Amino acid sequence: MQADTLRYLTSRLVTTALIVFGAMLLLFTLSSIVPGDPTAVLLGPQASPEFSKRFISEMGLDQPIHIRMWRFFSNVLRGDLGTDVVSGRSVLGMILNVIPYTLVLTFSAITLAVVTGIPLGIFAATHRGTVADNILAFVSVAFIAVPGFVVAIFLLLIFAIWLNWLPVLGTSQSGTLLDEFRRMILPTLALALGWIGFIARLVRTSMLEVMGENYIRTSRAYGLSERLITYKYALKNACIPTITILGLGIGRLLGGAVLIEIVFARPGLGRLIYGAISERNYPVVQGAVLVVVVVFVLVNLIVDLSYSAIDPRIRHNTGSAGAVG
Amino acid sequence: MANKFSRRDMLATGAGLAGAGAIGFPMVAHAQATGGQRQTINVRAAAEFDVIDPAFRRGPTDGNVMRVVYQRLMSPKPNSSELELDAASEIKQTSPTTIDFKLKPGLMFTDGFGEMTAEDVKFSFERIGLPPKEGAKESTYKADWLHLVGVEVKGKYEGRITLAQPRANIFDVVIADGSGCIVSKKAVEQRGAEFGFKPVGSGQYQVASFDKQKGAVLRRNPAYKGTRKGNFEEINVRVITDSKTADLALRAGEIDFAVLAPAAAEPLRNIAGLTVSDQPSIAYVWMGMNMEKGPLADLRVRQAIRLGVDVDQMLLAGYNGKVPRLNTALPPQIMGHWKEAPAYKRNVAEAKSLLAAAGVSNLKLKLTVLNQPEYQNMALVARALLAEIGVTIEVDAQPGGTYWSSGKGDAGKNLELYMARFNAKHDPNFVLQWFTPGQLGNWNWSRWNSSEFDGMFKSSDSETDPAKRRQIVMDMQKAMDKTSAYVWLTNEASALVHRSWLKPASVPGWADWQYADFSAG
C-alpha cells in the first residue's frame, strides 16, 4: 500500500470516528429535546410511579447527555449495544435479527438499479435527442418522482392481485429459499425503480460530458470502435459520480426503506428504528442508529477508495478532502 | 427503425414467462385451497410482537398468542365471556377474600419442563402481583392483581389465593385473562429474558418460531390435556401493520383472517370467498375537557361545548358513520351500562347563552388529538361546529410518543380539550378506573377530582352482589355526566374479514381472539 493511501486511510478512519461521535451526539441531544414520556408509551397504563422512575433510570434518561454518551460508547467498545428495556433482549441481537433482511433488500435493489440504470443511461447518451432518449428521460423522471410506497402498491395490485404471479407479503414464514426469492421480487423492484431513473439520468449526463473530452476524440481519431470507446474508455470515467451516489444510496436505504418494509410487511432495520422512535425506546434507537451510521460511513469510505481502482489517475491525498487528481 | 422480434427474443420472453409462471403457480394453488383441506391458517396481527410473557406483555398481539400458549385456572368459553374450568379441576370462592383451587393432574409444560403444580400457579400470580424480588423487574400488569396477599400452596395440585380485600372482577379480569396465565416456574428461572420469546406453557399450541416484526408460528401442542384442542395443526400469526397490505393479502389468499376498521374493510365486502362482518367493540372514545383549566373550570362552559358539537357529524367524518354512538362511558356489552343516558343534541342557541351566562367570549382552546385520521377528522368537525358558538379551536395532532404523555404530570395541567381512546375489558371497574382521583396526573386527563366517584368506585370494586354493583356503576356514569367534561363519541366497531369457510372465535368485544377455537366449516 502506498504511503499517501495509508495516510488517507488513517485520516478517513479518524473522520469516520468523528462522524459517528457527532451523529450520536446529535441523536442523544435530540432524544432529550423530543417531548414525550417513554414510560407512558412503553409501560402502559398500569405502571406505578416508582416503576416508571426506575425504568427511566434503567434507560439512563435521568443522567446528563455526556454521562449517557460516555456509558453508551464504553459499552459499545465492549461489544454491548445495550438492552431493550421492554423485552430484556440485547439490542445487538435485535439488530442482527433484522439486518440480513435489510442488507438483502438494499443490495438487491441497488444491484437491480445498477444493471438496469447504467445501460439505460448509456443508451440515452448514445442516442441523444432521439425519441427513445426523450421517452427514457420522461420515464426516468417519473420513476424518480413517484414515491416508492406508491410504486409498491401499484406493483402489488398488478403482480399480486390482477396477475396473481407474486405474493403480497415480502417475507416467508416457511423460510425456503425459493419462497424468499419470490417474496423479494416486488419489494426489490419497488425500491429500485427510483434509483434506476436516477442512475440512468446521472450516467447519461456523465457520459455526455466524458464523450466530449479530448481523449475520446483522440481515440476516435485513432480509429477505435465506437463500442470500445463507449464501454471501455468513456463509461469507466462516467461511472465515478454514479459510484459516489451509490455509496450514499446504500447508506440511505439501510435505515430508510421503512415504507417499503411496512407495505410488504417485511422485517428490517428501518422498521426497527421507526418503531423504537415512536415508542421512545431509546436504547434500541441508539443501537440501531449507530449501526446505520457506521455502515453508512464505511460504505462511503469503500466508495472513496474504489475511485483509484477505477481511474488510476486518482490518488488520495491527506491534504484535501476526498479524492483528488 | 424497424422492430424485429428475433428467435433469441422469443426464447428469452418465453423463458421469462415460464419462470414467472413457475414462481407464481404455488401462490394460485394456495389461494384456491378451501377450508376442508387446510391444516394451517394465516391470521393477521396488526401490531408487532413484544414478549409472550404474561408479566410483561404489551398489547393484543402478545395477548392473543398467550391465550393459546398458556392455560389459566379458568378461561372464557368460545365466543363467550362465560367462564369454564381450564387448568383447574375445581375452583371455589371460599370467602370474599380467598379462592381455593385444585389443578387437573398431568398438565405438562412444553420443552420438557414437567408437570404443572400449584407452585407454578403461585409463581405465576405472585410474579405479577407482588413486589419483585431483588433484581427482578416489576410487572407492567401489577394492578391486575391488586389486593393480592399471596398464593398458598396446600398440596402438589392445590392452593389458595388470598386477597387483602374483596374484588368483584377477580375471575373475569384477572384469573381468566392474561394475568391469570400459568407459566412454568422452572422455565422462567432458567430462560430469563429469553422466556418472552421462547415461552413454555401447557396450552393448545406452542410457539414454533417467533419474530418481533414477522410474526409467530404456533404449532399444536401434542401434550395438551384439555377439551379445546385447537382445530388446525398450525396457526401463522403474520404481523401486517398496514391495513392496505392486509386488504391485498386477504384478496391474494395469503391470510385467512384480519380485523380492519369498517371503512378499510368496505372494498372487501363483495369479494367472493370472503366474509365481512361488523362487530361493535368495547373500546371507548371521547372528547374530554380539563376541569381545572381556565374557563373550562366553569360548568356552564363545559355544558356549552357539549351542546356545541354534533357527535353524529363527528362520527361521520371520523369513521364514515360506520360505528355506533356512545352516550356514556360504558358500552352496552359491559355490565352496568347506563342505557337511558342522554344523547345530547346540538343546540347552538343554548350553547351561546351558557357561554354568555358564564361571561365568556372569544374563547380559544387547544384540542389535543392523536395524529390518526379518525381523530383528526373528528377534531376538524368539532372545530367547525364550535366556531359557530364562538369558540375557536386549535387542533394539535401529536404522534403517539408525545400524545400519550400530554395529559400526564405537570403537562396535564395545561391540557385543555383532548380526544382519547381507551381499550376496555368486560368489567366496569376496569373501564372506569382511569377517572378516579388516584389517576390525577396519570390517566385522569379531565382532572376530575371527585371523592364521591372514588367512593362509588371502591364500593363497586368489592361489591359481589351483581344487582347492587350494577346500580353503583350506573350512579358512577350519572356522576360523570353531571360534570359535562366528557363528550362520549363511540365504542367503535371492528370489521372481521375472513375466508367464508373460517369461523373465528373471540371473547365478546372482538379484541381478544381465541385462535384455538377458530374452526373450518
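This is a predicted model: local features need pLDDT of at least 70, side-chain atom pairs count only at pLDDT 80 or more; totals for chains, interfaces and linings use all residues.
**View 1. Helix α7 of chain A beside helix α6 of chain B.** The axes of α7(A), residues 148-162, and α6(B), residues 243-252, come within 10 Å and cross at roughly 10°, and the two helices are therefore roughly parallel to each other. On the side of α7(A), the contact is made by A:I153, A:L156, A:L157, A:A160 and A:I161, while α6(B) contributes B:K244, B:L248, B:R251 and B:A252. Sorted by class, the residues of this contact comprise seven nonpolar and two charged ones, with no polar residue.

**View 2. Helix α3 of chain B and the elements that its buried residues pack against.** This helix runs over residues 118-129 of chain B, and its twelve residues reach 16 Å from the first C-alpha to the last, close to the 16 Å expected at 1.5 Å a residue. Ten of the twelve residues of α3(B) are buried, so the helix is largely enclosed by the rest of the structure. The buried set consists of B:A118, B:D120, B:V121, B:F123, B:S124, B:F125, B:E126, B:R127, B:I128 and B:G129. Their packing partners in chain B are the strands β6 (98-103), β7 (148-153), β8 (158-163) and β9 (181-182), together with helix α5 (185-191).

**View 3. The aromatic pair of B:F257 and B:W513.** Over all chains, the count comes to 34 aromatic pairs. In the pair shown here, the ring centres of B:F257 and B:W513 lie 4.8 Å apart and their planes stand at 70°, so the pair is edge-to-face. Distant parts of the chain are linked by this pair, with B:F257 in strand β13 (residues 257-260) of chain B and B:W513 in the loop between β21 (502-503) and β22 (519-520) of chain B, 256 residues apart. Both B:F257 and B:W513 are buried.

**View 4. The aromatic pair of B:W286 and B:F422.** The rings of B:W286 and B:F422 have centres 5.1 Å apart and planes at 85°, so this pair is edge-to-face. It links distant parts of the chain, since its residues are 136 apart in chain B, where B:W286 belongs to strand β15 (residues 284-289) and B:F422 to strand β18 (residues 417-422). B:W286 counts as buried because its relative accessibility is 1%, and B:F422 counts as buried at 8%.

View 5. Most residues other than glycine have a negative phi. A:N164, although not a glycine, has a positive phi of about 55°; it is found in the loop between α7 and α8 (177-211) of chain A and, at 18% relative accessibility, counts as buried. B:S484 is likewise not a glycine and has a positive phi of about 60°. Its place is in the loop between α15 (466-483) and β19 (486-490) of chain B, and its relative accessibility of 1% makes B:S484 count as buried.

View 6. B:D481 has its place in helix α15 of chain B and is buried, with a relative accessible area of 13%. When residues up to four places away in sequence are not counted, B:D481 touches B:R306, B:W338, B:P342 and B:Y344.

Methods: Residues are numbered from 1 along each chain as its sequence is written. Chains are lettered from A and ligands numbered from 1 in the order in which they are written. Side-chain values use heavy atoms; hydrogens and water are left out. Helices (H or I, at least four residues) and strands (E, at least two) are DSSP runs, numbered from the N terminus. The expected span of a helix is 1.5 Å times one less than its number of residues. Buried means under 20% relative accessible area, exposed over 50%, partly exposed in between (1.4 Å probe, protein chains only). Contact means heavy atoms within 4.5 Å. Axes are lines fitted to C-alpha atoms, for helices over the stretch in contact, and angles run from 0 to 180 degrees between N-to-C directions. Angles under 35 degrees count as roughly parallel, over 145 as roughly antiparallel, 65 to 115 as roughly perpendicular and the rest as oblique. Ala, Val, Leu, Ile, Met, Phe, Trp, Tyr, Cys and Pro count as nonpolar, Asp, Glu, Lys and Arg as charged, and the others, Gly among them, as polar. Rings of Phe, Tyr and Trp (its six-membered ring) pair if their centres lie within 6.5 Å; planes under 30 degrees apart count as stacked, over 60 as edge-to-face and the rest as tilted.
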